Each structure stands twice: as structure tokens, then as C-alpha cells.
Amino acid sequence: MSIETTGHDHDPFRIGCAVDADALDDPVYRQLIPRLFRLITPENAMKFVSLRPSRDVFDFAAADRVMELAEAEGLAVRGHTLAWHSQLSEWVGELPAGERADVLRDHIHTVVGRYSGRIEQWDVVNEPLDDDGAPRRTPWFEASGIDYIADAFRWAHEADPSARLFINDYNVEDLGEKSDAYYVLVQRLLAEGVPIHGFGAQGHRIVGDPPTTMRENLQRFADLGLQVALTEVDIRMPVGVDEASVACVNAADLERQASDYTTMVAAARAVPECTAFVLWGLSDGHSWIPETFAGFGAAHVLDGRLQPKPAFDAVFGEQAQAAVEVEAALP
Ligand code: XIL
């Protein structure tokens with residue numbers, strides 16, 4: 001492949017991608033990631049359930065594979081994620097509540113400490129609020145109340161003072177009840193001196209319903225002194241099957257999807273403090289959507305055969321030429 005990425009090395013805004021550690025065995029996948037992206041995040045490899053088969057065991061094999069790719073290719077890394085209610089090892093829920101804070105502290109110190117100086121941004125706390133803005137009753141909340149959030153940030157900062165520490169959630173791209181609750185929470189954390197440096201909006205969307213107030217929303221967090229990022233963008237659409245049982249999408253949806261990606265990239269780029277726009281999967285063939293949202297799929301900028309969709313140009317702009325060359329180089 002004779003492709004040069006046209007990333008601007010000094011532009012703080014990076015297009016990134018969630019990387020599936022298992023897919024790195026596929027040489028085409030392994031080569032495409034650094035050609036298209038300047039930042040990666042492990043899709044699953046740094047989640048609690050991946051790292052912690054038991055209380056006494058840390059398994060860093062998959063996480064290390066993602067770090068090796070990043071370091072071999074000079075890609076920035078967003079670590080994902082430390083305190084979350086999902087993909088949490090079952091043994092945590094079985095512990096007496098009084099022991100959970102110790103487990104979380106040990107987890108954060110060990111994981112963040114292992115990669116200290118090598119991970120630019122960490123999603124320290126993921127999805128801590130419900131859609132109405134109330135605290136989600138996670139195993140961590142049940143053990144320590146809302147203070148687990150501040151504790152998690154402090155522990156992460158102790159383990160790596162150079163990492164930029166994010167709070168992250170879905171349905172917070174626009175102004176609204178849930179993002180308002182984050183705005184209040186972040187202000188309180190800052191007032192208490194908690195080392196929080198970033199607000200992440202995941203960006204899982206449905207085609208035809210793009211954010212409308214994303215720039216204003218992200219800018220108000222930036223005005224508090226935070227970085228902001230779009231951390232997990234995908235835009236899903238209905239997927240049917242034709243008479244030959246082949247998966248098919250509506251051509252108009254592909255155009256709407258491109259338009260929605262354009263809207264989101266433009267809004268993110270319009271916020272100078274926005275440091276990343278991360279696609280949650282390389283292609284429609286590397287996607288969590290079909291198994292999670294029945295009847296939906298085709299959420300990504302490359303299709304299942306790694307061919308660029310209209311959304312590819314929307315995200316990569318002048319880098320679209322790279323896709324043509326990628327296509328020519330596919331086996
Ligand atoms: C998803 C992964 O993409 C799937 O492979 C996994 O089975 C479930 O989690 N919000 C998040 C991400 O913060 O970690 C989730 O990733 C998608 C929703």
C-alpha cells in the first residue's frame with residue numbers, strides 16, 4: 001500500500017477509531033488503522049471484565065496488543081474505561097459493598113500505573129448518570145455513594161499525573177436534561193479540586209436525527225477549562241434483507257448518514273478544545289450494532305467489504321483519496 005496519511009501533526013483534533021484487539025490478527029485491519037487514524041481506543045480490551053478474571057489476577061494480554069500497535073505506529077491512545085457498571089466482572093457484585101472501594105482503587109492504580117505516560121486520555125468514569133441525570137445505581141455507587149466518582153479521578157491522577165482524565169456518557173451530545181446534569185456535576189468536581197480534564201460525548205446516533213446543539217453544549221464544558229471529545233461515534237440505520245436474503249440498506253439512508261457525520265464533525269471541529277472524534281469501529285463488519293440493536297446496522301464509514309461509504313468522505317474530507325488507494329490494495 002502506498003498511502004500517506006494526510007493527518008496534520010499539530011492539529012489537536014484527531015480522528016480516531018475503536019480497535020478490536022482480536023481483529024489485529026487480520027493484516028488488512030492491522031494496516032488500515034494507522035493509515036486512517038492518529039488516535040485509537042481499545043473497544044473492549046481495557047474494560048474491567050477483560051482485565052480482571054478474578055480479584056487476584058490482571059490479564060493485560062489484549063490491552064498490551066493494542067498498546068503495541070499504538071506505539072509501533074505513533075498513535076495516541078484513549079484508555080477505556082475504569083469505573084463502569086457494564087462489562088464488570090461478576091465477582092465485584094458478589095463482594096461486600098465495604099470492599100468494593102478498595103478493589104476500585106487497586107484496579108485504577110494498577111491499570112493506570114501500568115500504562116503511565118503512554119495513555120493520553122482515560123475515560124475514568126463511564127455512564128455514571130441515568131437519562132434523567134440522577135446517579136446510576138452501579139455497584140460502585142452502591143458501595144460508596146456519589147463520591148466514587150471523585151475518588152476514581154483522584155486515584156487515576158495519582159497513578160498517571162500526565163493523563164487527561166475524562167467523564168464519558170451517551171445521549172449527551174446536545175443540550176438537555178442529561179448534559180445539564182453533567183454540567184452541574186463537573187462544576188462541582190472542579191470546585192472540589194478533583195482532577196477532571198475532559199468531557200466525552202459518546203455519539204451513538206440513529207440516522208436522520210443528528211445533534212442540533214452539540215457545538216454549544218460542548219463549548220460550555222470547554223469554557224469550564226475542560227477538553228471535550230466525541231468518543232464513540234456511530235450512526236446506525238435500519239437494515240433489511242432482500243429476496244436473496246442479502247442484507248440491504250436504503251440508499252437515501254446512506255446519504256442521510258453522510259450528512260449526519262458531516263454535521264457532527266463540523267460541530268466538533270468548531271470547538272477548539274475538542275481533541276478527538278473517535279469512530280466506534282472500523283467498518284460495518286467490525287461493529288457492535290447488529291448484535292445490540294436488532295434490525296439496525298451499517299453504522300460506520302466503511303462497509304462490510306471495507307469499501308468507503310458516502311460517510312467516509314464526510315469524515316475524512318481530503319483524505320478520501322486514501323480510501324481509493326486502500327481499496328486498490330485490498331487482497
Ligand atoms: C461495546 C463494544 O463495542 C462491544 O463489543 C461490547 O460487546 C459492548 O460494549 N458504550 C461504551 C462502550 O462505553 O464501551 C460500548 O462498547 C458501547 C456503549
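With which side chain does the side chain of Asp169 make a polar contact of 2.5 Å? In this predicted model, the partner is Tyr182, whose side chain meets that of Asp169 at 2.5 Å. A further polar contact, of 3.2 Å, joins the side chain of Asp169 to that of Lys178. Asp169 belongs to strand β5, which covers residues 164-169. Its relative accessible area is 0%, and because buried means under 20%, Asp169 counts as buried.

The ligand was examined next. Its shell holds 13 residues, and those that come nearest are Glu43, Lys47, His80, Glu232 and Trp280. By class, the shell is made up of 3 nonpolar, 6 polar and 4 charged residues. For Asn44, an N or O atom of the side chain is 2.9 Å from a ligand oxygen. In the case of Asn126, a polar side-chain atom also lies 2.9 Å from an oxygen atom of the ligand. For Gln202, the separation between a side-chain N or O atom and an oxygen atom of the ligand is 3.4 Å. The ligand taken alone exposes 420 Å², of which 82% is buried by the protein. The space that the ligand takes up is the largest pocket.

Helix α1 spans residues 27-36, and its buried residues include Val28, Tyr29 and Leu32. Ile33, Pro34 and Leu36 of the helix are buried as well. At the start of α1, the side chain of Asp26 is directed to the backbone: one of its oxygen atoms reaches to within 2.9 Å of the backbone nitrogen of Val28.

A contrasting position is that of Pro272. This residue is found in a loop, the one between helix α10 (251-269) and strand β11 (274-279). The relative accessible area of Pro272 is 59%, and since exposed means over 50%, Pro272 is classed as exposed. Asp169, by comparison, is buried at 0%. Pro272 was also placed relative to Gly145: the two residues are 127 residues apart in sequence, and their C-alpha atoms are 34 Å apart in space.

Terms used
Residues numbered from 1 in each chain as written. Predicted model: local features only at pLDDT ≥ 70, side-chain atom pairs only at ≥ 80, totals over all residues. Heavy atoms only, no water. Near = heavy atom within 4 Å. Polar contact = N/O pair within 3.5 Å; in protein donor to acceptor, adjacent residues only side chain to side chain. Areas by Shrake-Rupley, 256 points an atom, 1.4 Å probe, with all protein chains shown as cover. 1 Å grid on protein atoms, 1.4 Å probe; cavity = no way out; pocket = protein on both sides within 12 Å on 5 of 7 lines; lining within 4 Å. Sits in = over half its atoms within 2 Å of the grid points. Nonpolar A, V, L, I, M, F, W, Y, C, P; charged D, E, K, R; others polar. Helix = DSSP H or I, 4+ residues; strand = E, 2+ residues; numbered from the N terminus. Buried < 20%, exposed > 50% of the residue type's maximum accessible area, 1.4 Å probe, protein only.
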